[in-house]
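Open the model in your viewer and get ready to select residues by number. We will go stop by stop.

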Amino acid sequence: KRICQVFNKREEDFMTLKDYNDYLEEVEDLVFNLLHDVDVQKTNARLEAYRQQNLDSINRNRELMEREELQ
């Protein structure tokens, strides 16, 4: 749930399908690492770095999802 709140981009946010798939693969790696206690400190640092670098798009997508849920 924590990762989904940060990694909330959609396919239409990417120029190519490959870029989107790479993004999904990164999310899968993070989830796997946290679930299986693999490089937890490094994984949390990657998650926080991404959050800081993409704060505007994270908030924009969060607002979009909230509006869609209200409809």
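## Stop 1: a loop residue

Select Asn8, which sits in the loop between α1 (2-6) and α2. This is a predicted model. Is Asn8 buried or exposed? Asn8 is buried, because its relative accessible area is 6%, and the cut-off for buried is under 20%. Now show what surrounds it. Leaving aside neighbours within four places in sequence, Asn8 is in contact with Tyr23, Ser57, Ile58, Asn61, Arg62 and Met65.

## Stop 2: the last of those partners' helix

Select residues 55-70, helix α4. How many residues does α4 have? It has 16 residues. From its first C-alpha to its last, α4 reaches 23 Å, close to the 22 Å expected at 1.5 Å a residue.

Colour the buried residues of α4: Ser57, Ile58 and Asn61. They lie on the same side of α4, because they cover an arc of only 100° around the axis. Which helices do the buried residues of α4 pack against? They pack against α1 and α3. The face of α4 turned away from its buried side carries the exposed residues Asp56, Arg60 and Leu70.

## Stop 3: the nonpolar core

Select Ile3, Val6, Phe7, Phe14, Tyr20, Tyr23, Val27, Leu30, Leu47, Tyr50 and Ile58. These 11 residues make up the largest nonpolar core. Helices α1, α2 and α3 each supply at least two residues of this core. Its largest share, 4 residues, comes from α2. In soluble globular proteins, nonpolar side chains tend to be buried together.

Zoom in on one core member, Ile3. Not counting residues up to four places away in sequence, Ile3 touches Val27, Leu30, Val31, Leu34 and Leu47.

## Stop 4: two positive phi angles

Move to the loop between α2 (17-35) and α3 (40-53), and select Asp37. Its phi is near 55°, a positive value in a residue other than glycine. Asp37 is exposed, with a relative accessible area of 63%.

Next, select Asp39, found in the loop between α2 and α3. Phi of Asp39 is near 45°, again positive in a residue other than glycine. Why is Asp39 called partly exposed? Its relative accessible area is 48%, so it falls between under 20% for buried and over 50% for exposed.

## Last stop: confidence

Colour the protein chain by pLDDT. Its mean is 95, and 100% of its residues reach 70 or more. Where is confidence lowest, and where is it highest? It is lowest in α1, at a mean of 92, and highest in α2, at 97.

Methods
Residues are numbered from 1 along each chain as its sequence is written. This is a predicted model: local features need pLDDT of at least 70, side-chain atom pairs count only at pLDDT 80 or more; totals for chains, interfaces and linings use all residues. Side-chain values use heavy atoms; hydrogens and water are left out. Buried means under 20% relative accessible area, exposed over 50%, partly exposed in between (1.4 Å probe, protein chains only). Contact means heavy atoms within 4.5 Å. A nonpolar core is a set of buried Ala, Val, Leu, Ile, Met, Phe, Trp, Tyr and Cys residues joined through side-chain atoms within 4.5 Å. pLDDT is the predictor's confidence in each residue, from 0 to 100. The expected span of a helix is 1.5 Å times one less than its number of residues. The arc is that of the directions from the helix axis to the C-beta atoms.
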